[in-house]
Amino acid sequence: GIASRPPSAPLRVRVLDRPRSGGGSKNQCRLPGPHAGGRRLSNATVAALRSQLPVALLSAGVADAPLEVVYLPDRPDSLCDQARRFGEADVLISPHGAHLVHIPQLSPAAVFVEVTPWAAAWLGHFASVAASIRLRRLQLCSLRPPGERSGLAEAQCGRDKRRDVGCLYNAMNCYELEVVSRNGTSPCAKGQGRCRCIGPALRQ
């Protein structure tokens, strides 16, 4: 994708994040603490993306480009505005969510990076969509949220399908997504095959 672009072409690398206000009208989370965050990207994750982007662009032979962070509105806006957020990006990085139904608006040469919640790395909705339109997709997987107190292993939590009160519901909807923790570790370093580390994902 991006490596085949002319070196002089401006590149748009966009993080499309969920609202800072949290989940939304249907979100049942009632969790205290700074990490309860409606599946938005943590500040540490955005900072890691921002710091590693220049090296990734240099290794791909692409002119330097800033990391643009765009937040989804609290309530859906026009269909044209929704589609434009995708169509304008050459590299789109975004947390898992229903808004990703618009990934077909991305250019065929674009790269789509999906950030999946802890216990939900198996989610394949948008992997299938990306494959059907031959869009390159990479996956970043989140660490266990610091406030997650179920005591269940990740695989056990991933099978808990209880609505509103289950471990998987909380993991998917009630916490920020932190791909890089304070000590710099990430699930990709633990042998989770489908997950990518931020640096290698951006270089790809």
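How many salt bridges does the count come to by the distance rule used here? The count comes to nine salt bridges, each one a side-chain nitrogen of Lys or Arg within 4 Å of a carboxyl oxygen of Asp or Glu. The model shown is a predicted one, where local features need pLDDT of at least 70, side-chain atom pairs count only at pLDDT 80 or more, and totals for chains, interfaces and linings use all residues. Residues are numbered from 1 along each chain as its sequence is written, and side-chain values use heavy atoms, with hydrogens and water left out.

**View 1. The open sheet.** Five strands line up in the order β2-β1-β3-β4-β5, with parallel pairing, and the sheet they make is open. At the edges stand β2 (67-71) and β5 (136-141); each has a single partner strand, so one side of each has no neighbour in the sheet. Direction ignored, neighbouring strands are turned by 20 degrees against each other on average. Strands here are DSSP E runs of at least two residues, helices are H or I runs of at least four, and both are numbered from the N terminus. Two strands are called paired if DSSP finds at least two bridges between them.

**View 2. Strand β3 and its two partners.** β3 covers residues 91-95, and five of its five residues are buried, buried being under 20% relative accessible area, exposed over 50%, and partly exposed in between (1.4 Å probe, protein chains only). V91, I93 and P95 point one way from the strand, while L92 and S94 point the other way; all are buried. On one flank, β3 pairs with β1 in the parallel sense over three bridges, and L92 is the bridge partner of R14. With β4 (residues 111-116), the pairing is again parallel and runs over five bridges. Here V91 stands opposite V111, and P95 has V115 as its bridge partner.

View 3. Helix α1 lies across β1, β2 and β3, and runs at about 155 degrees to β2. Helix α2 also packs on the sheet, touching β1, β2 and β3, and its direction makes about 140 degrees with that of β1. For contact, read heavy atoms within 4.5 Å. The axes are lines fitted to C-alpha atoms, for helices over the stretch in contact, and the angles run from 0 to 180 degrees between N-to-C directions.

**View 4. R40 meets E176.** R40 sits in the loop between β1 (13-17) and α1 (43-59). Its side chain forms a salt bridge with that of E176, at 3.3 Å from N to O. The two come from distant parts of the chain, 136 residues apart, with E176 in the loop between α5 (167-173) and α6 (198-203).

View 5. D81 and R84 are both in α2 (residues 79-87), three residues apart, which is about one turn of the helix. Their side chains meet in a salt bridge, 2.6 Å from N to O. Both count as partly exposed, D81 at 31% relative accessibility and R84 at 42%. D77 forms a salt bridge with R85, where the closest N and O atoms are 2.2 Å apart. In that pair D77 is partly exposed at 27%, whereas R85 is buried at 13%. C80, for its part, counts as exposed at 55%.

**View 6. A four-residue network.** Salt bridges link R12, R14, E68 and E88 into a network.

**View 7. The disulfide.** A disulfide is a covalent bond between the sulfur atoms of two cysteines. A search of the whole structure, taking cysteine sulfur atoms within 2.5 Å as the cut-off, finds one. The bond joins C157 to C167, with 2.1 Å from S to S. C157 belongs to helix α4 (residues 154-158) and C167 to helix α5; the pair links distant parts of the chain, ten residues apart. The torsion about the S-S bond is about -105 degrees, so this disulfide is left-handed. Both cysteines are buried, C157 with a relative accessible area of 0% and C167 at 5%.
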